[in-house]
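Here are my notes for you to read alongside the model. Have the sequence and the 3D view open as you go.

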Amino acid sequence: MKLYKYKSLPYRKDKLSKEEQKQIEYCKDILLNNRLFMAPRESLNDPFEGMAYPIHLGICGAGSWEALGLPHPVVMDYMNQYRVLSLSSDPKSPVMWAHYANNYCGVCFEFEMDILPKKIQRVSYIEHQNDMIFDPNEETLYKAIKSSLLCKSQNWAYEKEYRVISKTDEEYFEFKESELTGIIIGHRSAYANELIELANEKRIPVFYTLTSTQNYDINIINKLPNDLIIGEDTIDYIQYR
């Protein structure tokens, strides 16, 4: 099964912030070191991460936190022991390209991996949180948190997400070099030449996004038409009919 990792890149090549420099380093690291960053739970962009199964602890102040709709700080400490790698099964999502690949300035890495239930799991999208769990023991608490990290609100269903969830200090998920099967370059990329050079060194197929003037679909092609050329800094973009 093919899974995809969207990553942002800056829209320019000068006057870069530290965050923009990190974006470039991260993409190069994926190609050079065959690994993907495992994000700490607290850094994820959904404020409800890990809360699909609300947990009540019979300790001081629990009621106050529940009244605010927030997990108790003790529960939060347990949640934050986890790291998450997010992948998608959809490489042609306009929203994903806009949000996670800096409005087509970024890139989408294509992987072909074995989907093992204990390794890479599909996220479920739910309408409501599940019933509260009262005073769980530690084993049940960890199980509830891990199950929660595999559930998200239906508002996020467009992501078609798969996850690797780990309760370790390891920052990276390592993949086999053969599992990276393609790189899709956004048509607004300022780093197309650099990505193509790195991909060619490792014999990784390169693809490009092109939008259509006749519908809202994204086309992914493996060769640019003659009127689309890669300049010194960017792809000179003409809409594809």
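1. Among contacts between residues at least 6 apart in sequence, what percentage join residues at least 24 apart? In this protein chain, 76% do, where a contact means heavy atoms within 4.5 Å.

2. A heads-up: this is a predicted model, where local features need pLDDT of at least 70, side-chain atom pairs count only at pLDDT 80 or more, and totals for chains, interfaces and linings use all residues. Residues are numbered from 1 along each chain as its sequence is written, and side-chain values use heavy atoms, with hydrogens and water left out.

3. The chain has six helices and 17 strands, which are DSSP runs (H or I, at least four residues, for helices; E, at least two, for strands) numbered from the N terminus. Of its 241 residues, 45% are buried, that is, under 20% relative accessible area with a 1.4 Å probe, protein chains only.

4. Now look at α1. Its 16 residues should span 22 Å at 1.5 Å a residue, and the end C-alpha atoms are 21 Å apart, which agrees; the expected span is 1.5 Å times one less than the number of residues.

5. Which residues of α1 are buried? They are Glu20, Gln23, Ile24, Tyr26, Cys27, Asp29, Ile30 and Leu31. Their cover includes β1, β2, β6, β12, β13 and α6. After α1 comes asparagine 34, with a positive phi near 55°.

Terms used. Buried means under 20% relative accessible area, exposed over 50%, partly exposed in between (1.4 Å probe, protein chains only).
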